[in-house]
Structures are given as C-alpha cells and as structure tokens.
2 protein chains.
Amino acid sequence: MAKKKKREGKTTSKIFDDHDHGICFDDAIDQIENYFLKKNLQFTPLRRKVFEILIRDHKPLGAYEILEALGRDGFSSSPPIAYRVLDFLMEHGFVHKIQGLNAFIACSHPNHSHSPAFVICRKCEKVAEVDEKKSGISFASPNIDNFEVEKTTVEMTGVCTTCSRAATI
Amino acid sequence: MAKKKKREGKTTSKIFDDHDHGICFDDAIDQIENYFLKKNLQFTPLRRKVFEILIRDHKPLGAYEILEALGRDGFSSSPPIAYRVLDFLMEHGFVHKIQGLNAFIACSHPNHSHSPAFVICRKCEKVAEVDEKKSGISFASPNIDNFEVEKTTVEMTGVCTTCSRAATI
DNA sequence: CATAACATGTTATAACATAACACTATCAGT
DNA sequence: ACTGATAGTGTTATGTTATAACATGTTATG
C-alpha cells in the first residue's frame, strides 16, 4: 500500500488554489445542469450526487471512496454504480480520470472543450488541472502520420511547493 | 472485459513500424547490457528474460501476460516477480508503463533520456513511442509555478490508419 | 398504456498490484 | 574461510481496481 493509502493532502501551492472554490462549486453545478438540460440528458439524483461528491472537495477520489460516500448518503454502493456514473460524466467532460492515481476528479473547465493536463503532487496527491496554454505545455498537432488522436492523457508528477518546503524529500 | 480482453493486434501504420525490429532488438539488448555493466547493476537471467519478453514482440504486455511467459520459460510466475523486475527496468528507463492499458512496453529509445509520449490505437492496441519533437508535441516548460515536474505521462489514444481503413468504426 | 430506451440495483468475478516474510546468492571486510 | 550486509528471488496471502451478466425500476413517447 505504498503509493495508494491516503488521499487527504492539504497542501497549498499557487497552481493548486488559484480559484474561489465556493464560486467554482456553484458554477460547476450550474454548468452541468444547463448542459444536461440542453442536451436532454438526465441529471439524476445519483449522477448529481456523484458529481457533488467530486466537486465538493475538488480532489481526486478513487471509485471506492466515491462508493463509500454514496453509501453514507443512502445510495447503493456496489462498484458498477460508481463506474457507470463516472463513465457517463467523463463522456460528457465533467469528470476526468487521473491515470497515475486511479482516481477521478471533477473538471475545472467544463465550459470549454479541452484536452486536460494535470499536475500531481506525489506527496500530498493534490491535483491541479492546468490550461494547456498557461502551463507552457502544448500538443501542437494532434495528428501524427494520419493517426487521428481522439483523446490525450497528460499528467505531470512532482512535488508541490508546499510539500517541498515542508520536508527534505 | 470490454477494453482489456485482447492485446494481439497486428496493424501497420507508418508511425507503428518505422524501424527494423531485428536491429532494434539486438541494439536494445546490447544497450541494456552495457548500461548495467557500466552502472555495476546485475542484468540477471530473470531481468534479461523479462526484458526479452517485452522487446521480442515490442508491444505492450500486462504484468500477468509477462508472468505467463515467465512461467512457460521455467521462471517463477507469482505476481511480485514481474512487478519487481518491471519496477527495476522502469527505474532505469528500459521499460515504460502505458497507463491507459495497464501494460508495459520496452523503451524504443533507451539511449537518450527522454519524456516518452505514446500513441495508442484503441482498436488493435498497438502502441508507438514517439519522439517529442517529431510528433509535434512538446512540453515546453516542465516548470509550472515552481512545481517541479519529475515525470510526465503523455498518451494519445485514437485509431491507427490500418484499423480505420479496415472498419467503419 | 404499451413499449422501447435509459437508469439503477445486485451478485459474482476478473484484472491489476502490493505486503510480508522466507530463502539464496553475492560481495566486502576481517 | 567466516561474517555480516546487501541485493535478488520465491511464496503465500491479500488488497485494490474494474467489469460481466443479469434483474429491476423509471422515463419519455407514440
């Protein structure tokens, strides 16, 4: 259980909290409601709950952590429940999977379609979704020898300022 | 078992075979031998075998596929065997993990230290390791607001030319 | 109000990964 | 050679993540 035991982390590093999460939360709920309304998709209590669980702390959660939270809130907590809803939310861009953590996180920029990139602190496991342009990252051409890229995964792992200040590695 | 059942795939698309694998194989064995010699690290029969298994077909293999192959060749095939050797080979840059497939692949460019990027066909699951520059991808600055990036994961999923020619999605 | 499509619930199991400890081999210093 | 440290491998058990398969309920529409 070396790298997967805890996901608490309470670090602050500029990139990790450059937003007012109260606003972020309300905005996000608004946006997802509008999106589903517009698309004639059901924003069911279960889907809403899963999204709320993810957005309320705005940190990556494992599927089984989400299931626990669902259970606490009176929903079913068998694995397929979480995975199905997560798949659905991911399809529509409101949730992303952090491959390096086997965890899921609410999208920080659901309004504009994007290829997300994530910065992950390996000590506190805090994750920031960064804008391609702001971060200096760029996938210039998503077309490589006629290979049509449908989806990109970009994750940068390291140690955030707070964690590196706090300890000598 | 939707996305994880088979890993055979026999597609050819320019990006996927722009090298002579006979040479590639020999080179790779050479390079890894020299590297370990120079670093005074043991290139044991087990480590050699795991690397050979990975390099011989040069496609991503799951840990349990590697274990089966090890078993066939008379080695122990309990999970920690594979994971330990894979970790070791990854530490030294001779193997990469493809997060999107939970699979491992021999490095195509072990000689120069690099941040690998992978192109993955979601139909045949063939994988190509691409050069950052050639592919038009670039992580310009690995430093984002003082966050020091130690490791990057870049994977591009789509459909390769051969697969897209072969079917109508 | 039937029915097709969608959504959720449940059980079981598959697939991926690590902990903990035992044993063996290698090598440096005496 | 002996001794102890280090590294490598073996084994059992278990933890963690994810899906298959099928049952039931719910919703939108004709």
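Partly exposed describes a residue whose relative accessible area falls between the two limits of under 20% for buried and over 50% for exposed. A:Glu33, with a relative accessible area of 30%, is therefore partly exposed. The structure is a predicted model. Across all chains there are 12 salt bridges, while a search of the whole structure turns up 0 disulfides.

**Make-up of chain A**

- Chain A has 6 helices and 7 strands.
- Read from the N terminus, the elements of chain A follow the order α-α-α-α-β-β-β-β-α-β-β-β-α.
- Chain A has 169 residues, and 44% of them are buried.
- Taking the contacts in chain A between residues at least 6 apart in sequence, 59% join residues at least 24 apart.

**Salt bridges in chain A**

- Side chains of opposite charge can pair when their charged atoms come close.
- A:Glu33 and A:Arg48 form one such salt bridge, with a distance of 2.4 Å from N to O.
- A:Glu33 belongs to helix H1 (residues 21-39) of chain A and A:Arg48 to helix H2 (residues 45-57) of chain A, so this pair ties together parts that are 15 residues apart in sequence.
- A:Arg48 is partly exposed, because its relative accessibility is 26%.
- A salt bridge also joins A:Glu52 to A:Lys49, where the closest N and O atoms are 3.9 Å apart.
- Both A:Glu52 and A:Lys49 sit in helix H2 of chain A, at a separation of 3 residues, about one turn of the helix.
- A:Lys49 has a relative accessibility of 18% and so counts as buried, the limit for buried being under 20%.

**Salt bridges in chain B**

- In chain B, B:Glu33 pairs with B:Arg48 in a salt bridge whose closest N and O atoms are 2.4 Å apart.
- This pair links distant parts of the chain, with B:Glu33 in helix H1 (residues 21-38) of chain B and B:Arg48 in helix H2 (residues 45-57) of chain B, 15 residues apart.
- B:Glu33 counts as partly exposed at 30% relative accessibility.
- B:Arg48 is partly exposed too, with a relative accessible area of 27%.
- Back in chain A, salt bridges with shared partners connect A:Glu33, A:Arg48, A:Lys49, A:Glu52 and A:Asp73 in one network.

**Helix contact in chain A**

- Two packed helices are described by the angle between their axes and the distance between the axes.
- H2(A) packs with helix H4 (residues 79-91) of chain A at an angle of about 80°, and the two axes are 10 Å apart.
- H2(A) and H4(A) are therefore roughly perpendicular to each other.
- On the H2(A) side the contact is made by A:Leu46, A:Arg47, A:Val50, A:Phe51 and A:Leu54, and on the H4(A) side by A:Ile81, A:Val85, A:Leu86, A:Phe88 and A:Leu89.
- Sorted by class, the contact of H2(A) with H4(A) has 9 nonpolar residues, no polar residues and 1 charged residue.

**Helix contact in chain B**

- In chain B, helix H3 (residues 63-72) packs with helix H4 (residues 79-91) at an angle of about 110°, with 9 Å between their axes.
- H3(B) is therefore roughly perpendicular to H4(B).
- H3(B) contributes B:Ala63, B:Tyr64, B:Ile66, B:Leu67 and B:Leu70 to the contact, and H4(B) contributes B:Pro79, B:Ile81, B:Ala82, B:Tyr83 and B:Leu86.
- By class, the contact of H3(B) with H4(B) has 10 nonpolar residues, and no polar or charged ones.

**A loop residue**

- A:Gln99 lies in chain A, in the loop between strand S1 (95-98) and strand S2 (103-106).
- A:Gln99 is buried, its relative accessible area being 13%.
- Leaving out residues up to four places away in sequence, A:Gln99 touches A:Thr153, A:Glu155, B:Gln99 and B:Gly100.

**Cysteines**

- A disulfide is a covalent bond between the sulfur atoms of two cysteines.
- For B:Cys163, the closest cysteine sulfur is that of B:Cys160 at 3.7 Å, which is too far for a bond, since a disulfide needs the two sulfur atoms within 2.5 Å.
- B:Cys163 is buried, with a relative accessible area of 12%.
- A:Cys107 is buried as well, at a relative accessible area of 2%.

Notes: Residues are numbered from 1 along each chain as its sequence is written. Chains are lettered from A and ligands numbered from 1 in the order in which they are written. This is a predicted model: local features need pLDDT of at least 70, side-chain atom pairs count only at pLDDT 80 or more; totals for chains, interfaces and linings use all residues. Side-chain values use heavy atoms; hydrogens and water are left out. Buried means under 20% relative accessible area, exposed over 50%, partly exposed in between (1.4 Å probe, protein chains only). A salt bridge is a side-chain nitrogen of Lys or Arg within 4 Å of a carboxyl oxygen of Asp or Glu. Helices (H or I, at least four residues) and strands (E, at least two) are DSSP runs, numbered from the N terminus. Axes are lines fitted to C-alpha atoms, for helices over the stretch in contact, and angles run from 0 to 180 degrees between N-to-C directions. Angles under 35 degrees count as roughly parallel, over 145 as roughly antiparallel, 65 to 115 as roughly perpendicular and the rest as oblique. Contact means heavy atoms within 4.5 Å. Ala, Val, Leu, Ile, Met, Phe, Trp, Tyr, Cys and Pro count as nonpolar, Asp, Glu, Lys and Arg as charged, and the others, Gly among them, as polar.
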